[in-house]
Amino acid sequence: MSNAILESEAAMADGTPNHGVEQLSMQQALNRALDEVLAGNPKALIFGEDCGRLGGVFRITDGLQAKYGTGRVFDTPLAESGILGMSVGLAMAGFHPIPEVQFDGFAYPAINQIVCQIARMNYRSRGTMPMPVTLRVPSFGGIRAPEHHGESLEALFAHVPGLKVVSPSNPHEAYHLLKYAATRPDPVIFMEPKSRYWQKGGVNFDSADGSDSPAGDSPTGANVMRAGRHVTLVAWGAMVARCLQVAELAAEDGIDVEVLDLRWLKPIDEAALVASVRKTRRAVVVHEAPLTSGLGAEVAQLVTQGCFDTLKAPVERITGFDVPYPSGDLEDEYIPNIDRILFGIQRVLEYRRG
Amino acid sequence: MAEISFPLPDLGEGLIEATVLEWLVSPGDQVERNQPLVEVETTKSAVELPSPQAGKVVRIHGGPGDKINVGEPLIVFEVPDNTAGIVGTVPKEEAPKRRVRLSAVLDED
């Protein structure tokens, strides 16, 4: 690895840090974040299927192998158990692996390595063997892909002690959250909303805080993306943009919607969630994953616990259905659409006790 | 821009070739996924082949009456670099459409 480290120091020497505000796609924002992480930490490694020479099927690692060499950015065999198994060993040896599973559905073959090793090695070793593994997972649906390319795994990972789970909703968040996640000493599942990869947005490089976001001065916790008085829409990943559209449409009908981007799905920012719903007194949680035992249930319980006395209606869940993720032609029927979310809002608005 | 070639698929069990009857698109055309591309005849039947993807047609192979073997190039598309090689399609940014209207009596207590 000494050559790789030397190469990285060379890159650091002529690397120009990012400054100011730029309009970037989420792909580009993630690429910039990874570039900075590699430049800043000679122990950081990126690998996965097609991550190296091709630059990733979504171009997230584009150009990084040319810049940092095949010792630090490389292709792996088509075996996710191997990608994550190797991450365990590299983390033990003091590296910071940033593996990619090419699509959400390909994380299943690596569940054993993620759940049985990465998530609990620190605990098992009484804190002597941390697992700084940042697993990038292009996630959720929306690109008309075939089976195993549109899964929403957040509830699965959030249920596992030892894992942190985060999903950015726009390019600015993607840049800052990935930079933050890739410098944590703990394993983080980084769920990239693949249907939002191509949408552009302002990225403010100078603040970890997101001065481009309506709120949020930290890469941890939830963000109020739009303030409102009558109902809180709780979402993450690609559903945040859709909820912001819904909020604008609801405003035409005189309903003032607050949109809370949860961002971190483990741990959930309970204080921000409760503060928002205590104000609006109604909540609708929106996710692409199936309904049963989805993260919406966790959100509903936290809201009920924290806002029981002031809630005007039971928390509504607008979600995917309890079926395997459908083929591309049917995904518009599966992913929560604007009308289904509006119906959810209508139900909490018209609910009356007794 | 990148080019993606679509070879003649196996149109039925064991068929090895097909004859072009009529091209329904021309080079330069922008086609959508599932849009009919070409009518071909096999020893079993005449079928229309739907486009496997969206893109601009760059080349078509074979004119009416020509035989094409399964696996040989049938049509070549041009696609933007950032979509080449991915599974699925880049979602379109569409103006939000709605049918549901909200109505509520808000007792602001």
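A charge sits over a ring if NZ of Lys or CZ of Arg is within 6 Å of the ring centre and within 35 degrees of the ring normal.

| Charged residue | Ring | Distance to ring centre |
|---|---|---|
| A:Lys43 | A:Phe95 | 4.7 Å |
| A:Arg184 | A:Tyr180 | 3.9 Å |

A word on the ground rules. This is a predicted model, in which local features need pLDDT of at least 70, side-chain atom pairs count only at pLDDT 80 or more, and totals for chains, interfaces and linings use all residues. Residues are numbered from 1 along each chain as its sequence is written, chains are lettered from A and ligands numbered from 1 in the order in which they are written, and side-chain values use heavy atoms, with hydrogens and water left out.

Now let's visit A:Arg263. This residue is buried, with a relative accessible area of 5%; buried means under 20% relative accessible area (1.4 Å probe, protein chains only). Its side chain reaches the backbone oxygen of A:Gly221 at 2.9 Å. Leaving aside neighbours within four places in sequence, A:Arg263 is in contact (heavy atoms within 4.5 Å) with several residues, among them A:Glu173 and A:Leu177.

Those two residues, A:Glu173 and A:Leu177, are buried in H8(A). Helices are DSSP runs of H or I with at least four residues, numbered from the N terminus. Why is helix H8 (residues 171-181) of chain A largely enclosed by the rest of the structure? Nine of its 11 residues are buried, so the rest of the structure largely encloses it.

Methods
Buried < 20%, exposed > 50% of the residue type's maximum accessible area, 1.4 Å probe, protein only. Polar contact = N/O pair within 3.5 Å; in protein donor to acceptor, adjacent residues only side chain to side chain.
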